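Welcome! Take a moment to look over the sequence and turn the model around before you read on.

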Amino acid sequence: MFCIYADDSSTRFYIQTPRELQDKSVKVLEKIYENMRNSRMLINADKTSLIVFMNSKRRNYLIGKGEPFRIEVENNITEEDNDTKLLGVWFERNPNFKLHNEKQQDRINQKLNELWKITDR
């Protein structure tokens, strides 16, 4: 499965060949950009994130071993991230939610420390 999003707009699709991955990715991102423009929303290409979810064997076939996936739309190059945050949830290439759990634990610890500081001891 391939997932792409821009400014809280996301999509996913299934592909079979490297060419199909490239073509569909560009087409989908162009459509997201067009919809954002039609809604008179600004596009921040620096915040556009791309992540590919698939096992390593399939990934090596479609993208290349150890290579990040890249697409170019409207002179903006978007390169695949190792992790990204979408609507408050952290996702990684290997969707095990370990990073999300770590981030949530850090956030909880920070809030508990703040509470501890304002309570009577």
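This is a predicted model: local features need pLDDT of at least 70, side-chain atom pairs count only at pLDDT 80 or more; totals for chains, interfaces and linings use all residues.

Residues are numbered from 1 along each chain as its sequence is written, and side-chain values use heavy atoms, with hydrogens and water left out.

The score called pLDDT is the predictor's confidence in each residue, from 0 to 100. For the protein chain its mean is 79, and 89% of the residues reach 70 or more. Among the elements, strand β1 (residues 2-6) has the lowest mean pLDDT, 55, while helix α3 (residues 98-118) has the highest, 89. Helices (H or I, at least four residues) and strands (E, at least two) are DSSP runs, numbered from the N terminus.

## Helix α1 and its two sides

Let's follow α1 first. This helix has 21 residues and spans 30 Å from its first C-alpha to its last, close to the 30 Å expected at 1.5 Å a residue. That expected span is 1.5 Å times one less than the number of residues. After α1 comes R40, whose phi is positive, near 60°.

Which residues of α1 are buried? They are L21, S25, V26, V28, L29, I32, Y33 and M36. Seen down the helix axis, the buried residues of α1 fall within an arc of 170°, so they line one face; the arc is that of the directions from the axis to the C-beta atoms. The face turned away from the buried side carries the exposed residues R19, K27 and N38. Here buried means under 20% relative accessible area, exposed over 50%, and partly exposed in between (1.4 Å probe, protein chains only).

## The nonpolar core

A nonpolar core is a set of buried Ala, Val, Leu, Ile, Met, Phe, Trp, Tyr and Cys residues joined through side-chain atoms within 4.5 Å. The largest one here has 17 residues, and those with the most contacts inside it are I15, L21, L62, I63, F69 and I71. The elements giving two or more residues to this core are α1 (18-38), β3 (49-52) and β4 (70-73), and α1 gives the most, with 7 residues.

Now zoom in on one core member. Leaving out residues up to four places away in sequence, I63 touches L21, V52, P68, F69 and E80, where contact means heavy atoms within 4.5 Å.

## Charged partners

Side chains of opposite charge can pair when their charged atoms come close. A salt bridge is a side-chain nitrogen of Lys or Arg within 4 Å of a carboxyl oxygen of Asp or Glu, and a search of the whole structure finds 4 of them. In one, D23 meets R19 at 3.2 Å, N to O. Both lie in α1, 4 residues apart, about one turn of the helix. D23 is partly exposed because its relative accessibility is 37%, whereas R19, at 57%, counts as exposed.

Another salt bridge joins R37 and E74, with the closest N and O atoms 3.0 Å apart. This pair links distant parts of the chain: R37 is in α1, and E74 is in the loop between β4 and β5 (76-79), 37 residues apart. E79 and R70 also form a salt bridge, at 2.8 Å, N to O. E79 is partly exposed, at 37%, and R70 is partly exposed, at 41%.
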